[in-house]
Structures are given as C-alpha cells and as structure tokens.
2 protein chains.
Amino acid sequence: MAEKGMVIVVSAPSGTGKGAIIEKLIDNDPNIRHSVSATTRKPRKGEKEGVSYFFKTRGEFEAMIKDGALVEWDEYCGNYYGTPRDYIEKTMQEGLDVVLDITVAGAVDIKEGCPGAVMIFVLPPSLAELEKRIKSRGTEDEEAIRKRLEYSYSELRHVNKYDYIVVNDDLDTAVLEVETIISAERMKYTRNPSILDNLYKGELK
Amino acid sequence: MAEKGMVIVVSAPSGTGKGAIIEKLIDNDPNIRHSVSATTRKPRKGEKEGVSYFFKTRGEFEAMIKDGALVEWDEYCGNYYGTPRDYIEKTMQEGLDVVLDITVAGAVDIKEGCPGAVMIFVLPPSLAELEKRIKSRGTEDEEAIRKRLEYSYSELRHVNKYDYIVVNDDLDTAVLEVETIISAERMKYTRNPSILDNLYKGELK
C-alpha cells in the first residue's frame, strides 16, 4: 500500500543507538532507502561520492542553501550536513521510502518543508543507560564525553516535535516498533488518495 | 505505552466483515474493550442490559441527545443507536482502549467530539466481492439486498474522513493490520506526554 514513498525521520540523542536501528530497518525492507546527505566534511577512506555522501565545498554547500536545494541542513563539529531535495523527491517518486538520520535541529526543518514526513524520536531506556553507552565507546576523553552528554540532554527536550517515540532498550524490539510505525503510516488514507478509484476499477491489493 | 486509553473507530460498508475483525481484535488484546452502545431497539433473546446494549426508550434516548450524553448517535432501520460519553471516558481513564463499531455518519461526529480517536475504514477487496458477501447471507429478499448494496456504496464515499484504510481480503491479515495501526498509535508522542518526565525519574518501560 501507499501510492508514493514517504520520508521517515529518525532522530535520537547521541548514544541512543539510532544508527543500528536504521541499518537494520534498511536491511529488512527493500522498500526503504537511506538518504544520501550532502556534506562539507572530507571523505574518509572507503567513502564514495553519491553513496556515502555528496561531498561539497563550503561554497557549493552555501549555494545549495541559498537555492533552497536542501530540505534541511545543520552545522555539526564545524562541518555542514544537509539533505538534498532532488534526491529524496526522486526516490519517493519511485515508490520508495527515504529514511533520514538527522539532528534534531534538522528534523524540525523537515517537518516544515515536508509535512507528510513521519517523525520518530528514539529515547534511551534511562539516563544512566545513555551515559553508560556514551562512555563505553571509549574513544573520547572526559571533556568530549561531557560535551556529548550535554548535547544529548539538550536534544531530549525536543521530543515533543516528533510524531512517535520509540524506546531503545532492546535493539530488535526497537526496530520492530519503527517497522510497525512505518506499516501503519502506509495505511493512512492521505497516502492512498486513489484507493476508491482503484476499488471501482477492480481489485485492491 | 500510552498513558491513557484511546477511542478506536472501525467503520465499514455493510458486508465488509467489520464485525469479525472487531471480535478478533478484542479476543487478542485484553487492553481493548468493545464500547457498549445505547439503543432504542428491543432486546433480542440473550442480550443483556449494560453488556450488549444500554436499552432505552425513545424518550430516554432523545433526552441523552439533548444533554450531550452521547458522543455520536444515528438512526438506522427506525431505531436510534448511540455511544454514551461517560462509558467511553470511564474506560479510557482505566487505561483501556475502546473500539466503536459505528456507522459512517456516527464516525464523523466522533472525529469532531473526540479528536484523538483513531479512525479506521475497512474496505472490501472488490465491489464484486462485496456484492457476493451481502448476497451470501441469504437471509434477505432481493429488495433488501439491493437497498443494502446501495447503502454500502454510499458509505464507501466517506473513506476520506478516516485516518487509515484496511482492506479485508483475508480476515487474519486485516486483523493484524488493525493491530499494527493501534500499536503505532500507542507510540504517538501526544499519547505519552509525560515520557520525558518519566525518563528523568527512572526507567522507561
């Protein structure tokens, strides 16, 4: 069901396991694609243009902002990240859903520019668990950890800008919950405006 | 999840198998209750006051309409049917969901009086199948069948007043789809407004 693809926004405070949820979501459903962001960050080893990111200079990125070519953008750790409008529109026209893995600031813009977007916020099961997960990465010094925690706490406050909440206690359960939300959204009348015409013409599938 | 119960409206043209879907839904989930309607129809054998229906005289029913004691009501085959407001509010306060099996006309009223209601419309897989199901009941003469079909067709046109569409081709699939919608709705932020307070206080379940 659903006549056209939809935009699915998954946001979460740093350390909530959002990346793992999105990865499983895409593995499980061939109808869901990861959005490819534009960024001014330098490519890392193995990253491919147009697959990992669309790599841009600051000048190119700022021109995209000015031209309205991004449905959302944000600056994070000194680099721009944004979602190119033409990429997501093309993917949706093909009947595919696009999942956007973006910051809370970016997500708020999506809601304005893309009113049909499904907005999902992933919460940790507890603040203690959030702290534990951030610390267990073990790659950062105390100052960086403290900053990351503060940033996570500030992001939590924006949960009220989202449509749905998923608590990531167990990864598989969280993935199933996101899948449940997507399945329900595909049954929305607004995503199937030709359903009655289709019924008059023949079989519904 | 969901801090309070919700109202679930399931409507469908006559002959779509709505009754069977609702029955399974309630059997499968102890958190979902059937609403008890008020009616001026005479009790049939085995029907119990307050369980099958709240049986009312026309005068009593009309007083309920006047007092705003019904969230919706409609007249069907010469009898009044309506949903008592106090019954559904009490059930929702207990954290239970209430499923309303009502006509399209009644459902439109619910949407106005109860903005959080989840509105589900069940469609037949084809018009040929709808006709077949209505005829196969075999309990009515041709004139009654024709009237029932006409009524079904007129109800179909109101699908755009609903949030979700479920196609009842296979009963178990249709039940699962309604359950998916309900699960997703329970994850809505608006149904869990204290989630952040709960996270600050301790564990989320």
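Where in chain A is the place of A:C77? Good morning, everyone; let me start there. A:C77 sits in the loop between strand 5 (70-76) and strand 6 (79-84) of chain A. Please keep in mind that this is a predicted model.

Is A:C77 buried or exposed? It is exposed, with 6 other C-beta atoms within 10 Å, and the cut-off for calling a residue exposed is 12 or fewer. Now look over at the other chain. B:C77 lies in the loop between strand 5 (70-76) and strand 6 (79-84) of chain B. Phi of B:C77 is positive too, near 50 degrees, and again this is a residue other than glycine. B:C77 also counts as exposed, with 6 C-beta neighbours inside 10 Å.

That brings me to the two copies. Chain B can be laid on chain A by a turn of 180 degrees and a shift of 0.0 Å along the axis, with an RMSD of 0.0 Å. That is the relation of a two-fold axis. The same surface serves both copies, as 100% of the contact residues of chain B recur in chain A.

Let's move on to the sheet in chain B. Here 5 strands form an open sheet with parallel pairing, and their order is 2-7-1-8-9. Which strands stand at the edges? Strand 2 (32-34) and strand 9 (164-167) of chain B do; each has a single partner strand, so one side of each is left without a neighbour in the sheet. From one strand to the next, the twist averages 25 degrees.

Let me stay with strand 2 of chain B for a moment. It pairs with strand 7 (residues 97-101) of chain B over 3 bridges, in the parallel sense. In strand 7 of chain B, B:D97 is the bridge partner of B:I32. Lying across strands 1 (7-11), 2, 7 and 8 (118-123) of chain B is helix 1 (residues 18-28) of chain B, which runs at about 165 degrees to strand 7 of chain B.

Last stop, a pair of helices. In chain B, helix 5 (residues 127-136) packs with helix 6 (residues 142-156) at an angle of about 145 degrees, their axes 10 Å apart. The crossing of these two helices of chain B is right-handed. From helix 5 of chain B, B:L130, B:E131, B:I134 and B:K135 meet B:I145, B:R148, B:L149 and B:S152 of helix 6 of chain B. The residues of this contact divide into 4 nonpolar, 1 polar and 3 charged.

Definitions and conventions: Residues numbered from 1 in each chain as written. Chains lettered and ligands numbered in written order. Predicted model: local features only at pLDDT ≥ 70, side-chain atom pairs only at ≥ 80, totals over all residues. Axes fitted to C-alpha atoms, helices over the stretch in contact; angles between N-to-C directions. Helix = DSSP H or I, 4+ residues; strand = E, 2+ residues; numbered from the N terminus. Left-handed = near helix turned anticlockwise from the far one by under 90°. Contact = placed C-beta atoms within 7 Å. Nonpolar A, V, L, I, M, F, W, Y, C, P; charged D, E, K, R; others polar. Least-squares fit on C-alpha atoms with pLDDT ≥ 70 in both. Pairing = 2+ DSSP bridges. Buried ≥ 20, exposed ≤ 12 C-beta atoms within 10 Å, placed from the backbone.
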